[in-house]
Amino acid sequence: MRTGVYFCQVDDQSQTDIDAIAKYSANLPEVETVQNLGLRPDISAENLSEHLKTNLLDRVVIAGDMPGYFKPVFTKAMALSGGDLDEIRLASFREHGIQNGNSLDRAKAIVACAAYGVPFSLAAVPGGNPVNHATLVIGAGIAGIQASLEIANAGKQVYLVEQSGTIGGHMAMFDKTFPTLDCAACILTPKMVDVGQHDMINLMTRSKVVAVRGKPGAYKVKIRQKARRVDIKSCVACGECVNPCPVNVDSEFDAGISKRKAIYIPFPQAVPNAYLVDEAHCRYVLTNGEKCGVCLRKCPKDCIHLDEEDSTIDIEVGNIVLATGYDLLDASKIDQYGYGKYPNVLTSLEFERLTNASGSTGGRIVTKVRKYNKKKKQDEWVFSPEGLPPRNVAIIHCVGSRSSKYNAYCSRVCCMYSLKFAHLLKEKIPKVNVYEFYIDMRAFGKGYEEFAERIRQEGTFVIRGHSADVSMKGDRMIVRGEDIFNDKLVEFNVDMVILAVGLIPAPGTEELSRMLGVQKDTDGWFSELDYNGNPTDTDKGGIYVAGMCQAPKDIPDTVAQASAVAAGVLKSHTSGQGIGSMSSLTLSDIEGKAKIIHTL
Amino acid sequence: MAIRVNPSFIDVLDRYGAEDVQLCYQCGDCSTVCPHADEVHKFPRKSMRQMQMGLEARIETTLEPWLCYYCGQCSEQCPRDADPGETMMSLRRWLISRYDVTGLAKHFFKSKTKELLWVGLIALLTGAFLVLYGVSNGNFGVYDGEGAFLPSDFIHSFDLTVGGIMGAFLLLHALRMWYFTMIKGVEYPVPWWLYFKEILEFPIHFFTQKRYAECDDKHREKVHMPWLVHLGLALGYVTMLILVMVFIVPLQSGPEIKWSVHIFGYLASIGLLVGTVYFIRNRFKKAYIQYKKSHSTDWIFVILLFFIVISGILQHIFHRTGLTEWANATYVIHLMVVVPWLLRMPFTKWAHIVYRPLAMYFAAIKKSAYERQQGRIDSLSVTIR
């Protein structure tokens with residue numbers, strides 16, 4: 001079949017070496033002519049069909065970063081010259097994850113496959129390595145939990161590694177989920193209990209992956225587990241140890257709005273349901289056993305071992321699932337909102353804990369009250385059940401998101417949870433005024449638009465315009481903004497400001513990416529192999545991404561992606577083809593395979 | 001009323017310095033932080049939107065660009081780096097070219113070669129004329145009195161001619177500005193007596209530039225330095241203009257110093273010298289956000305002014321120290337810069353010395369009219385109820 005290869009680029013920033021690929025493709029069998037049409041060429045179908053006719057071409061390969069862009073004109077030309085329209089093949093670099101001129105060989109392979117008329121995904125199948133059937137899941141938020149359960153329920157061994165003292169992640173902190181307003185804990189805790197009791201899941205809390213060796217299908221992983229200093233098996237979570245503990249620390253689980261002791265359980269439904277000792281603050285541990293130790297005397301079961309030491313565990317797994325989640329951008333960096341300066345400016349996560357029935361105020365939404373701290377000998381602002389409910393609340397969207405200074409990307413969930421906050425406020429405080437300052441309302445999911453409409457109906461003031469300024473006038477907080485649709489500059493006295501802070505990758509993402517050799521994108525999230533066609537795999541064989549660590553996404557998407565990852569893991573167990581890295585495939589491998597399929 | 005849209009308006013403004021207008025996604029942060037935006041004049045967001053939509057005819061009738069003193073807080077705050085402050089600056093440039101009837105301003109803003117050629121041509125013509133006049137009527141060695149190279153009464157009439165041309169153009173442009181903004185650009189009736197009621201606004205803003213002082217970002221410094229220097233520069237310039245146009249004869253006589261006249265000249269020179277040096281330095285160092293981007297006309301503006309001040313001072317010193325030939329030579333050079341500078345004024349940035357207080361004056365009138373109208377609507381709705 002006489003083939004012509006045409007190169008047309010769309011992106012002028014792409015650094016793909018077209019000349020090198022063109023030279024390579026000219027040597028492919030059956031390729032008669034290679035044309036580099038350059039950047040966004042202005043092609044006329046008539047000239048093109050003349051070219052097809054003079055070269056007697058039967059097959060046309062359009063190669064470039066987005067060749068589909070030029071397909072219509074080639075189709076027209078092919079029709080004019082009387083050729084077979086099915087023989088227009090696209091060699092799309094962008095679709096197969098080629099950016100910034102990396103992996104020239106893969107680009108060549110894509111063109112070769114198109115020239116042979118073989119789909120790239122058929123020819124380029126990494127594989128060959130036998131697969132260990134155990135799986136490591138890093139991160140036990142909703143993504144990690146879902147993936148672990150799916151794999152374990154299929155009867156395969158799962159090691160679930162979690163850095164904190166309990167599984168559950170951020171979702172355990174939430175009160176309600178949007179748009180259904182289901183109780184988050186009611187969905188999550190049964191799954192957490194399942195994980196805790198599952199025979200096939202080996203749960204390791206307070207643990208961290210410190211080294212990974214080996215190849216796809218057979219990874220040797222070293223895990224460092226911090227001592228819990230409380231025996232999980234014998235602890236019955238009676239809580240006798242808590243009261244005597246003299247140390248007070250900001251609670252991580254309560255997003256810092258309440259205090260916990262050095263010996264604590266993150267929340268009552270934690271899995272494993274046992275206390276743990278925070279060695280960074282425990283007076284006994286810090287003084288090497290010279291001081292304190294009151295909890296030891298109080299424990300009725302003798303299950304506290306303050307001298308327990310950290311341990312290292314070595315495991316061998318075939319697949320690794322990354323589910324490391326996200327973190328909030330530090331809102332105090334964005335100084336115009338006064339976070340950290342004014343007491344009643346909260347981040348979204350802090351409000352989430354405030355409104356949660358298991359939070360420090362028992363779910364009552366109140367403003368902070370000034371209390372005298374005896375130890376520090378100064379007043380400080382704290383949440384307490386006797387605080388007054390706010391009468392006016394401003395919710396500011398896009399704090400640090402969609403901004404050239406902080407995160408260029410949209411964090412995707414903020415619009416919806418902000419609307420949810422408006423609902424919760426209206427539900428709990430009947431006469432409250434809620435002002436939502438938004439730039440664009442991104443209600444993209446199933447039932448989301450209806451939810452947004454419902455919030456508007458409830459009487460929330462939804463203001464199109466971003467507030468850039470929170471200030472204090474005396475003891476009143478003032479939020480200023482522009483109400484664009486009403487064409488007015490507005491200024492509101494408010495008692496509370498909630499910032500819909502943007503999301504950033506979890507702190508360990510960088511380290512893991514280096515350890516595993518998984519690519520990150522420019523924003524710091526893990527890169528998937530192919531955004532459209534393969535959103536769960538990574539460039540490295542046997543390593544998958546699930547949930548927020550790939551990109552911001554809501555809970556339904558996270559759960560769906562986690563289940564999809566489980567399918568990928570189980571496929572590698574049963575397909576019998578083994579696994580390998582896409583990045584380790586060589587040009588000759590792919591070309592050889594394409595040739596075989598071609599001759600068949 | 002239908003408005004004609006110019007879809008390529010953004011591309012037009014690109015030449016005037018507004019490069020990033022299309023980046024704006026209308027969050028309104030800029031209008032929120034702007035110390036000058038109020039109920040009637042909401043900017044810069046609204047101006048950005050009008051530009052994106054190509055509402056050339058609407059922008060032509062707005063006062064907003066003149067109400068902005070470019071403190072740069074909006075550009076600092078902008079999450080899209082769309083640079084609203086610089087955009088307002090570019091709109092001012094564009095408006096100057098719109099008020100201009102001759103079309104010269106457009107050429108100046110779009111091409112620095114054209115502007116430099118024009119300045120050079122006028123300078124050469126002036127030089128040639130002055131030298132020819134001096135050689136035919138006087139002696140190069142005499143500065144003042146009988147047989148002077150450039151006698152002061154001749155300079156006086158020469159100044160008045162140049163100033164008259166400049167004034168005529170400036171008046172014409174101000175009239176056009178009034179027509180655009182106060183006739184075409186108001187949606188509610190403006191009673192004539194409001195022009196008298198608010199008349200004080202013009203001299204107040206002209207002599208204090210108090211809105212520039214309000215631009216101060218309170219976190220940074222006690223006195224807003226750009227305001228102080230800008231005020232000094234503007235007042236120095238006005239003083240010098242009056243001295244040259246009216247008191248040129250006593251100013252030029254000498255060699256003894258006439259303190260009653262010269263003291264004003266010295267003060268004005270200090271204001272001008274400090275101002276030009278300060279602005280040139282800031283534009284080099286990009287000290288404040290408003291100096292980050294400099295249009296070619298900004299550079300020509302400060303550098304020409306600097307030359308005028310230096311040559312003026314040198315000429316004064318040479319005259320007082322008895323170096324008559326040197327004094328005459330620097331005087332010719334001085335006038336060679338002054339004349340194109342003055343003739344250029346109605347077509348370039350310096351015209352804002354008139355447009356800006358005029359805009360404050362018009363804005364006050366518009367605001368009064370708006371409030372009057374709102375009051376009427378409110379009372380109307382009360383009676384209906």
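In the predicted model, the secondary structure of chain A consists of 15 helices and 30 strands. The chain has 600 residues, and 53% of these are buried. Its C-alpha trace extends over about 90 × 65 × 35 Å along the principal axes. Among contacts in chain A with a separation of 6 or more, 69% are between residues 24 or more positions apart.

The domain assignment divides chain B into domain 1, covering 9-99, and domain 2, covering 104-368. A distance of 27 Å separates the C-alpha centres of domain 1 and domain 2 of chain B. To the contact between them, domain 1 of chain B contributes 34 residues and domain 2 of chain B contributes 39 residues.

Two helices of chain B, α3 (residues 45-53) and α7 (residues 84-99), have axes that come within 10 Å of each other and cross at roughly 65°. Angles of 65 to 115 degrees count as roughly perpendicular, and α3(B) and α7(B) are therefore assigned to that class. The crossing of α3(B) and α7(B) is left-handed. On the side of α3(B), the contact is formed by B:Ser47, B:Met48 and B:Met51, and on the side of α7(B) by B:Pro84, B:Thr87, B:Met88 and B:Leu91. Sorted by class, the residues in this contact of α3(B) with α7(B) comprise five nonpolar and two polar ones, with no charged residues.

The loop residue considered is B:Ile289, which is located between α16 (259-285) and α17 (296-320) of chain B. Its relative accessibility is 19%; since buried means under 20%, B:Ile289 is classed as buried. When neighbours within four places in sequence are set aside, the residues in contact with B:Ile289 are B:Tyr70, B:Cys71, B:Gly72, B:Ser75 and B:Glu76.

Methods
Residues numbered from 1 in each chain as written. Chains lettered and ligands numbered in written order. Predicted model: local features only at pLDDT ≥ 70, side-chain atom pairs only at ≥ 80, totals over all residues. Heavy atoms only, no water. Helix = DSSP H or I, 4+ residues; strand = E, 2+ residues; numbered from the N terminus. Buried < 20%, exposed > 50% of the residue type's maximum accessible area, 1.4 Å probe, protein only. Contact = heavy atoms within 4.5 Å. Axes fitted to C-alpha atoms, helices over the stretch in contact; angles between N-to-C directions. Parallel < 35°, antiparallel > 145°, perpendicular 65-115°, else oblique. Left-handed = near helix turned anticlockwise from the far one by under 90°. Nonpolar A, V, L, I, M, F, W, Y, C, P; charged D, E, K, R; others polar. Domains from an automatic or database assignment.
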